[in-house]
Amino acid sequence: MNSHDLLRLAWQAIWFHRQRSLLTLLGVMLAAVLSKQGQMKAAETMLQQALAMQRRLTRDETLDTATTLGTLGSTFLSQGKLEEAKTTLREALAIQKKMP
């Protein structure tokens with residue numbers, strides 16, 4: 001495999017990662033729409049899927065992950081799921097505190 005092939009593979013990997021990141025963002029945006037329509041359970045499911053994808057993609061604690069966790073925590077809160085909300089919001093806050 002020559003350097004041109006390696007470069008092409010690297011660009012393909014970057015493109016694939018960006019497409020997955022975009023899908024995650026769209027999932028979060030769709031969850032916001034569902035939430036505004038009062039479809040909280042559907043919003044919760046969408047946010048959980050987006051969060052799972054973010055964690056698979058980055059394997060790190062990022063600001064995007066913290067934001068999704070915060071939104072998921074708020075969704076739990078609006079459904080009266082207080083323990084889930086508390087756990088999720090605490091995780092979001094812990095990640096945010098680590099950010100520079």
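A residue counts as partly exposed when its relative accessible area lies between the limits for buried, under 20%, and exposed, over 50%. The views below use these words for a predicted model.

**Figure 1. E84, a partly exposed residue of helix α4.** E84 sits in helix α4. Its relative accessibility is 37%, so E84 counts as partly exposed. Look also at L72. E84 and L72 are 12 residues apart along the chain. Their C-alpha atoms are separated by 9.2 Å.

**Figure 2. The whole protein, built from four helices.** The protein has four helices and zero strands. Read along the sequence, the pattern is α-α-α-α. Of its 100 residues, 26% count as buried. The protein exposes about 6,900 Å². Carbon and sulfur atoms supply 62% of that area. Now take the contacts with a separation of 6 or more. Residues 24 or more positions apart account for 53% of them.

**Figure 3. Helix α3 against helix α4.** Two packed helices are described by the angle between their axes and the distance between the axes. Helix α3 covers residues 63–78, and helix α4 covers residues 82–98. Their axes come within 8 Å. They cross at roughly 160°. An angle over 145 degrees counts as roughly antiparallel. Helices α3 and α4 are therefore roughly antiparallel to each other. Their crossing is left-handed. From α3, the contact is made by L63, T65, A66, L69, G70, L72, G73, S74, F76 and L77. From α4, L82, E84, A85, T88, L89, E91, A92, I95 and Q96 take part. By class, the residues of this contact divide into 11 nonpolar, six polar and two charged.

**Figure 4. T88, a buried residue of helix α4.** T88 is found in helix α4. Is T88 buried or exposed? T88 has a relative accessible area of 9%, so T88 is buried. The cut-off for buried is under 20%. Which residues does T88 touch, leaving aside its neighbours within four places in sequence? They are L69, L72, G73 and F76.

Figure 5. R90 has its place in helix α4. At 57% relative accessibility, R90 counts as exposed. The cut-off for exposed is over 50%. R90 and G70 are 20 residues apart in sequence. From C-alpha to C-alpha, they are 8.7 Å apart in space. A94 is also found in helix α4. With 38% relative accessibility, A94 counts as partly exposed. A94 and A66 are 28 residues apart in sequence. Their C-alpha atoms are 8.4 Å apart in space.

**Figure 6. Helix α2 against helix α3.** Helix α2 covers residues 40–58. How do the axes of α2 and α3 lie, and at what angle do the helices pack? The axes are 10 Å apart, and the angle is about 160°. That makes α2 roughly antiparallel to α3. The crossing of α2 and α3 is left-handed. On the α2 side, the contact is made by M40, A43, E44, L47, Q48, L51, Q54, R55 and T58. On the α3 side, it is made by D64, T65, T68, L69, T71, L72, T75, F76 and S78. How many residues of each class does this contact have? There are seven nonpolar, eight polar and three charged.

**Figure 7. A42, a partly exposed residue of helix α2.** A42 has its place in helix α2. Its relative accessible area is 32%, so A42 is partly exposed. A42 and L30 are 12 residues apart in sequence. In space, they are 9.6 Å apart, C-alpha to C-alpha.

**Figure 8. T24, a buried residue of helix α1.** Helix α1 covers residues 3–36, and T24 is found in it. At 4% relative accessibility, T24 counts as buried. Set aside residues up to four places away in sequence. T24 then touches A50, M53, Q54 and L57. One of them, Q54, also takes part in the contact of α2 with α3.

Methods. Residues numbered from 1 in each chain as written. Predicted model: local features only at pLDDT ≥ 70, side-chain atom pairs only at ≥ 80, totals over all residues. Heavy atoms only, no water. Axes fitted to C-alpha atoms, helices over the stretch in contact; angles between N-to-C directions. Helix = DSSP H or I, 4+ residues; strand = E, 2+ residues; numbered from the N terminus. Parallel < 35°, antiparallel > 145°, perpendicular 65-115°, else oblique. Left-handed = near helix turned anticlockwise from the far one by under 90°. Contact = heavy atoms within 4.5 Å. Nonpolar A, V, L, I, M, F, W, Y, C, P; charged D, E, K, R; others polar. Buried < 20%, exposed > 50% of the residue type's maximum accessible area, 1.4 Å probe, protein only. Areas by Shrake-Rupley, 256 points an atom, 1.4 Å probe, with all protein chains shown as cover.
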